[in-house]
Amino acid sequence: MHVPDLKEARKRTKEKVVEKKVDYTFSKNFVGKKYFLRTYGCQMNMHDSEEIRKYLEMLGFTETMVLEESDLVVLNTCAIRENAHDKVFGYLGRCKHLKREKSDLLIAIGGCMAQEESVVSEIKSKHPYVDIVFGTHNINELPKLILESKKKQEIEVYSIEGDVYEGIKYSRDSNITAWVNIMYGCDKFCTYCIVPYTRGKQRSRKLEAIVAEVEELKNAGYKEVTLLGQNVNAYGKDLEYGYDFKDLLEKVAETGIERVRFVTSHPWDFTDEMINTIAKYENIMPYVHLPLQSGSDKILKQMGRRYTKEEYLTLFQKIKESIPNVSITTDIIVGFPNESESDFLETLDVVNACKFDSAFTFIYSPREGTPASLIKDTISMEEKEERLQRLNQLVNQYSLENNKKLEGKVVPVLVLGENEKDKNKIYGYTDTMKLININGSKDLIGKIVNVEIHEAKSFSLDGVVAKESVEN
Ligand code: SAH
Ligand code: SF4
Ligand code: F3S
């Protein structure tokens, strides 16, 4: 048994990361059994779930979307804010109930919550019916843990990040778009954030390995890859090979895959060369997610973001001017400890200046073990909620304004599937990452088509396929 240890998770070692291969030699012992997998959190977790799904299928399980039908429940959890915790513990209640009727049901918890010392001790003391706890550094041990699962709780979570695995097999959600990890972990230690503790130190994959994966996806018919990392702009900084995110972008674009995306950008490491590369290649999509977090220099400093309001605005402007037609979205936190009304107004000021295409907005949530959680806060929750509302109102106004500008325009869209509510419609994403519902035939799924936008809303667009638009 290994339980998470916050002190260990905080450490950063200089030791070189070792590249390893996953061992896929386990037996198919669960043919006829069903698994239910629920994923919380960010794209990284969704992608980890694609790895988890592959292991479960290789063990012989088939997927069910109905919890009550399952023989194995896997919850891939997120720890970013307290409400993510609450959701998981709420759901665990349902699983516990089910286990009373179905005593051989296996329950496994993985993901970022499993990396938290306090969560694991709560599971140990209050949720003994949970069979397996596995962390983000040992997803590949899940088959072993399931195969060896006895009637006692099995906790296997490492605090120090492990090695970088190559040759991981995935059971991907889509056969059109794919996520590709370019790096793991984060070394930024923003003072409010738990990710550096749950995901370990930054470990970049080698450029050749990433390019080979993209080539493979392209050959398998994938149209789009999204390069994943907590700070893609810091890619390569931990390696000694002298290449960076710009070099990676170039090489990935040169594979000729139709669409290249990347998340998340951090303003700190965003160089002019990177901006120029995004502008230069037609298959690198004109879309940047550039988290602001706050517009107040005082709060930015306390957050450890290492840029000022002015620096953010300068970078934003540079991206806008250099990349034609670019859309920029952001993340904003309100109610950081002791954020004053005037600090908050600075944030609104940046929103007014940038007019983001959209923004994810959050109320600050103290995370155990982070420096910010130790700051005594004098701002009431009511005030924070009121600020969030004011912010959302402004953010939504600009989303709608930006989208309205697209009415009547023709834009390239990668069609991903049928609209769930209206079977006569299909949906996809524009090059600028806007969701669009289209009157069009299902035959277009997996293709890039030109779509004329008829109506713009705050969160989506409506359009029809432009004549003679099918490119491929
Ligand atoms: N690596 C990315 C962010 C990953 S977390 C980056 O640096 O931009 C996604 C978002 O969650 C963050 O951008 C931040 O806005 C929000 N977030 C992170 N920790 C939070 C906390 N403790 N409370 C509220 N929001 C938080
Ligand atoms: Fe968290 Fe900051 Fe790292 Fe993003 S860059 S994951 S916000 S510590
Ligand atoms: Fe992602 Fe949540 Fe972990 S946002 S990295 S799953 S804490």
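Predicted model: local features only at pLDDT ≥ 70, side-chain atom pairs only at ≥ 80, totals over all residues.

Colleague: Good. How do you know that the span of helix α13 agrees with what it should be?

Modeller: Helix α13 covers residues 381-404, which is 24 residues, and at 1.5 Å a residue it should span 34 Å. Its end C-alpha atoms are 34 Å apart, so the two values agree.

Colleague: Which residues of α13 are buried, and what covers them?

Modeller: The buried ones are Lys384, Arg387, Leu388, Leu391, Leu394, Val395, Tyr398, Ser399, Asn402 and Asn403. Their cover includes the strands β15 (327-334), β16 (358-363), β20 (448-456) and β21 (461-465), along with helix α12 (341-354).

Colleague: Where do the domains run?

Modeller: Domain 1 takes in 6-22 + 29-156, domain 2 is 168-404 and domain 3 is 410-465. The C-alpha centres of domain 1 and domain 2 lie 27 Å apart, and 35 residues of domain 1 touch 35 residues of domain 2.

Colleague: Now the cysteines. How many disulfides does a search of the whole structure find?

Modeller: The search finds zero disulfides. Take Cys95: the nearest cysteine sulfur, that of Cys78, is 17 Å away, while a disulfide needs sulfur atoms within 2.5 Å. Cys95 is therefore in no disulfide.

Colleague: Which residues are around ligand 3?

Modeller: Cys42 is one of them, together with Asn45, Cys78, Ala79, Ile80, Cys112, Arg199 and Gln230. By class, that shell has five nonpolar, two polar and one charged residues.

Colleague: And what surrounds ligand 2?

Modeller: The shell of ligand 2 includes Cys186, Lys188, Phe189, Cys190, Gln230, Asn231, His266 and Arg305. Its classes are seven nonpolar, three polar and two charged residues.

Colleague: What makes His266 buried?

Modeller: His266 has 3% relative accessibility, which is under the 20% limit, so His266 counts as buried. His266 sits in the loop between β13 and α9. Leaving aside neighbours within four places in sequence, His266 is in contact with Lys188, Cys190, Asn231, Asn233, Arg305 and Tyr307. The C-alpha atoms of His266 and Tyr312 are separated by 10 Å, although these residues are 46 apart along the chain.

Colleague: Which residues does a cis peptide bond join?

Modeller: Val263 and Thr264, with omega about -5 degrees. Thr264 belongs to the loop between β13 (259-263) and α9 (272-280).

Colleague: What is phi of Asn325, and why is Asn325 called exposed?

Modeller: Phi of Asn325 is near 65 degrees, a positive value in a residue other than glycine. Asn325 lies in the loop between α11 (309-322) and β15. Its relative accessible area is 53%, and exposed means over 50%, so the name holds.

Colleague: Why is Asn338 called partly exposed?

Modeller: Asn338 has a relative accessible area of 26%, which falls between 20% and 50%, so Asn338 is partly exposed. Asn338 is found in the loop between β15 and α12, and its phi is near 65 degrees.

How values were computed: Residues numbered from 1 in each chain as written. Chains lettered and ligands numbered in written order. Heavy atoms only, no water. Near = heavy atom within 4 Å. Nonpolar A, V, L, I, M, F, W, Y, C, P; charged D, E, K, R; others polar. Helix = DSSP H or I, 4+ residues; strand = E, 2+ residues; numbered from the N terminus. Expected span 1.5 Å × (residues − 1). Buried < 20%, exposed > 50% of the residue type's maximum accessible area, 1.4 Å probe, protein only. Contact = heavy atoms within 4.5 Å. Domains from an automatic or database assignment.
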